[in-house]
Amino acid sequence: MGHDDQVRHSSSFGAAATAYAEHRPDYARDAVRWALAHSPGPRVLDLGAGTGKLTAGLRAADVDVSAVEPDPAMLAELRRAVPDVRALPGSAEAIPLPDASVDAVLAGNAMHWFDMAAAGPEIARVLAPGGTLAGLWNVLDDRVDWVAELARVSGSAAVGPRDTPASWRVETARMHVPTNGAAARFERPEQAEFPHGQRRTADSLVATLATRAGMLVMPAEERDATLGRIRAFLASRPETAAGEFTLPMLTCVLRVRRR
């Protein structure tokens, strides 16, 4: 994806902030615990925090959490969802926190939007020595047959290269490394996967997929056709045709430590 497309996709979520808050899943608790396992202290920054899906999980983990989000509409939803958490406007490339002020930086479904040439030094700056950077992604568990078929039917705009386990591992393995050739500020990465799921109906799953960046920037006619195709597939499957079901997912984590 070129730079202009990257910017267009990453800035698309504000228009769908309310739907994002309603339909996007939280993160597996075991994944959050693993992300924080080597943190030298309890101060955690949720970076690119969106509507607070990960922020709420961090608050439940009894850490001292702050949140930073660049989009005003997403930030407003975050403040409504977790009003007791300090939530600041800012970005991965310009973090509004002092040097060495947090012990871990976590990013939920956001790290792939960071420009690590600028964000890497900023994240390293706010991290205490030995601090942790971790990216978390919720992906579809396509080892389940009907989920694999859903991914195929949905197309890459709705189920992209980081949205299934095997491709996630490849796509994120070097996500902490600047693309401009500068030295990484972090040590060797670790990756792990944790079982997760989300209770959905066919309608709410269609609404969830409609909040993906590729869908948000798609021309309306094409988006309607894609969502119609997904809806027809879900109506055809016994697993999803009637009532609620659990969407099989994994929360996948990339973890690195500050040098």
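# Structural briefing: sheet, cores and aromatic pairs

The structure is a predicted model, in which local features need pLDDT of at least 70 and side-chain atom pairs count only at pLDDT 80 or more, while totals for chains, interfaces and linings use all residues. Residues are numbered from 1 along each chain as its sequence is written, and side-chain values use heavy atoms, with hydrogens and water left out.

**Sheet**

- Seven strands form an open sheet with mixed pairing, in the order β3-β2-β1-β4-β5-β7-β6. Strands (E, at least two residues) and helices (H or I, at least four) are DSSP runs numbered from the N terminus, and two strands pair if DSSP finds at least two bridges between them.
- The edges are held by β3 (86–89) and β6 (190–200), each with a single partner strand, so one side of each has no neighbour in the sheet.
- From one strand to the next, the twist averages 25°. Angles run from 0 to 180 degrees between N-to-C directions, and axes are lines fitted to C-alpha atoms, for helices over the stretch in contact.
- Five bridges join β1 (residues 43–47) to β2 (residues 64–69) in the parallel sense. V65 in β2 is the bridge partner of V44.

- Helix α5 (residues 72–81) lies across β2 and β3 and runs at about 175° to β3.
- In the loop between α5 and β3 lies P83, which is exposed, with a relative accessible area of 63%. The C-alpha atoms of P83 and V159 are 32 Å apart in space, and the two residues are 76 apart in sequence.
- Helix α4 (residues 53–60) has L54, T55 and L58 buried. These residues lie on the same side of α4 because they cover an arc of only 105° around the axis, the arc being that of the directions from the helix axis to the C-beta atoms.
- The packing partners of the buried α4 residues are α3 (29–36), β1, β2, α5, β4 and β5.
- Just after α4, D62 has a positive phi of about 65°.

**Nonpolar cores**

- The largest nonpolar core has 28 residues, of which L47, V105, F114 and I123 touch the most other members. Such a core is a set of buried Ala, Val, Leu, Ile, Met, Phe, Trp, Tyr and Cys residues joined through side-chain atoms within 4.5 Å.
- At least two residues of this core come from each of β1, β4 (102–108), α6 (116–126), β5 (127–140) and β7 (245–257). The largest share, five residues, is supplied by α6.
- Beyond its neighbours within four places in sequence, L47 is in contact (heavy atoms within 4.5 Å) with residues including V68, I95, V105, F114 and I123.
- A second, separate core of 25 residues includes V32, A49, A104 and F194.

**Aromatic pairs**

- Three aromatic pairs are found in a search of the whole structure. Rings of Phe, Tyr and Trp (its six-membered ring) pair if their centres lie within 6.5 Å; planes under 30 degrees apart count as stacked, over 60 as edge-to-face and the rest as tilted.
- The ring centres of W34 and F194 are 6.0 Å apart and the planes meet at 50°, so this pair is tilted. W34 belongs to helix α3 and F194 to strand β6, 160 residues apart.
- For W146 and F245, the ring centres are 5.8 Å apart and the planes stand at 90°, so the pair is edge-to-face. This pair links helix α7 (residues 145–154), which holds W146, with strand β7, which holds F245, across 99 residues.
- Both W146 and F245 are buried.

Conventions:
Buried < 20%, exposed > 50% of the residue type's maximum accessible area, 1.4 Å probe, protein only.
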